[in-house]
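Dear colleague,

Please find below the structure that I am handing over to you, with its sequence. My notes on it follow directly after.

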Amino acid sequence: MSDGNFYAKLLVRLLSEDRFLLTTHRGPDPDGLGAELALDSLLRARGKDSIIYNHDPINPRYSFLDPEKRARHAGESIPPAELENRTVVMLDNSDLERSGDAGKYIKEDQSNLIVIDHHDGIASDYQTYFLNSGAGSTAEMVYYLIEQAAGGLTAEVATAIYAGIVTDTGHFRYQKTKPRTHLIAAKLLEAGVDTAKVGDRLFSTWSTERLFGRAKLYENLRVDEDRQMAWFAIRRRQLDEVSCNFEDLDGILNELIEPGEILAGMLFTEREPGRTKVSLRSKGDVNLLPAVNRYGGGGHRNACGGTIPLDLEAAVEQFIPLVAECVRASSEARENKS
Ligand SMILES: [Mn+2]
């Protein structure tokens, strides 16, 4: 939806405030970060006092998006007075838990909170909630806001939005990629985005440890009998052996669903005994949200995640049947249709 009314309302709501704290989820990704940077620019251009404050610092791979180092984080010593008494705009995130330290600056009655997000299947009772599940990225939502505000699309802002769109649409491949997504990309390129540079910075600046980590993952590759599901299961200790971080493994999970017959891929990582994170990807109409919702997780139908309060083996054993159920439900729905 690029419903002008929705964005007109959002813009009016934002501009009725004067001091902002923009934040996203822990481990800011190019979408959360791109949306923050673009919105920050829009608000500043309107004479507003805006600060970007995240729980975690930016991954150095994304620092090219923020040359002025506007994104601050909880690890810096910022006087609380600078962060207090602001309207908190939570971008690309509907889960207060995932906002981390920034949550401290949201009033108990949430009267100073505005949520802007595009995730699927969220039931939430935020008073001021601008959810557009039809948008492929939160950066796309901020693009509409800038359009609504008529102006302010510098090359830097366009690059921030473009990085969010490219990342969250899986290079214009995922289902939420619409004709308008490409039209927006064209506008962003006209505004000065260097696509080769953004592509290189986002996708060709990994550490060499990522290769070693990938090798470890493939040692632990499993495929179910029907060849519909594939998964990696790995412990922190195994990655430590090759000096690889969990962040270094970002995106490798997508490879699991590259084979035509595999519909769902999972990456299980045991962060500590009794706490296993799972990230999931699926193809087409396979909706994985019911599986992660069981553990309070969320995301999108085809890309989501959650945390299972179990050791690695137990987590895998308990979780695989839930995913098998999602795969079965989608093939049944397909059969009923035909
Ligand atoms: Mn996003």
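In these notes, helices (H or I, at least four residues) and strands (E, at least two) are DSSP runs, numbered from the N terminus. The model is a predicted one: local features need pLDDT of at least 70, side-chain atom pairs count only at pLDDT 80 or more, and totals for chains, interfaces and linings use all residues. Residues are numbered from 1 along each chain as its sequence is written.

Overall form

The chain holds twelve helices and twelve strands. Its C-alpha trace spans about 60 × 50 × 45 Å along the principal axes. The radius of gyration (taken over C-alpha atoms; the globule rule is 2.2 Å times the number of residues to the power 0.38) is 20 Å, which agrees with the value near 20 Å for a compact globule of 338 residues. Of the 338 residues, 40% count as buried; a residue is buried if 20 or more other C-beta atoms lie within 10 Å of its own, exposed if 12 or fewer, and partly exposed in between, with C-beta atoms placed from the backbone. Contacts (C-beta atoms, placed from the backbone, within 7 Å) with a separation of 6 or more come to 67% from residues 24 or more positions apart.

Domains

The domain assignment, whose bounds come from an automatic or database source, gives domain 1 (4-203) and domain 2 (209-337). Their C-alpha centres lie 27 Å apart. Eight residues from domain 1 and seven residues from domain 2 make the contact. On the side of domain 1 that touches domain 2, two residues are nonpolar, four polar and two charged. Here Ala, Val, Leu, Ile, Met, Phe, Trp, Tyr, Cys and Pro count as nonpolar, Asp, Glu, Lys and Arg as charged, and the others, Gly among them, as polar.

Two strands pair if DSSP finds at least two bridges between them. An open sheet of six strands, paired in parallel, runs in the order β3-β2-β1-β4-β5-β6. β3 (71-73) and β6 (129-131) stand at the edges with a single partner strand each, so one side of each is left without a neighbour in the sheet. From one strand to the next the twist averages 25°, with axes as lines fitted to C-alpha atoms, for helices over the stretch in contact, and angles from 0 to 180 degrees between N-to-C directions. Within this sheet, four bridges join β1 (residues 19-23) to β4 in the parallel sense, and T23 has M90 in β4 as its bridge partner.

Strand β9 and its partners

Strand β9 (residues 264-272) is mostly covered, as seven of its nine residues are buried. β9 runs parallel to β8 (residues 229-235), with seven bridges between the two; M229 is partnered with A264 in β9. With β10 (residues 275-282), β9 pairs in the antiparallel sense over eight bridges, and E272 stands opposite R275. β9 and β10 form a hairpin with two residues between them, and G274 in the turn has a positive phi of about 80°.

Two backbone details

N85, although not a glycine, has a positive phi of about 55°. N85 lies in the loop between α3 (80-83) and β4 (87-91) and counts as exposed, with 11 C-beta neighbours inside 10 Å. F172, likewise not a glycine, has a positive phi of about 65°. F172 is found in the loop between α6 (155-168) and α7 (179-190) and is partly exposed, with 13 other C-beta atoms within 10 Å.

With kind regards

Technical notes
Contact = placed C-beta atoms within 7 Å.
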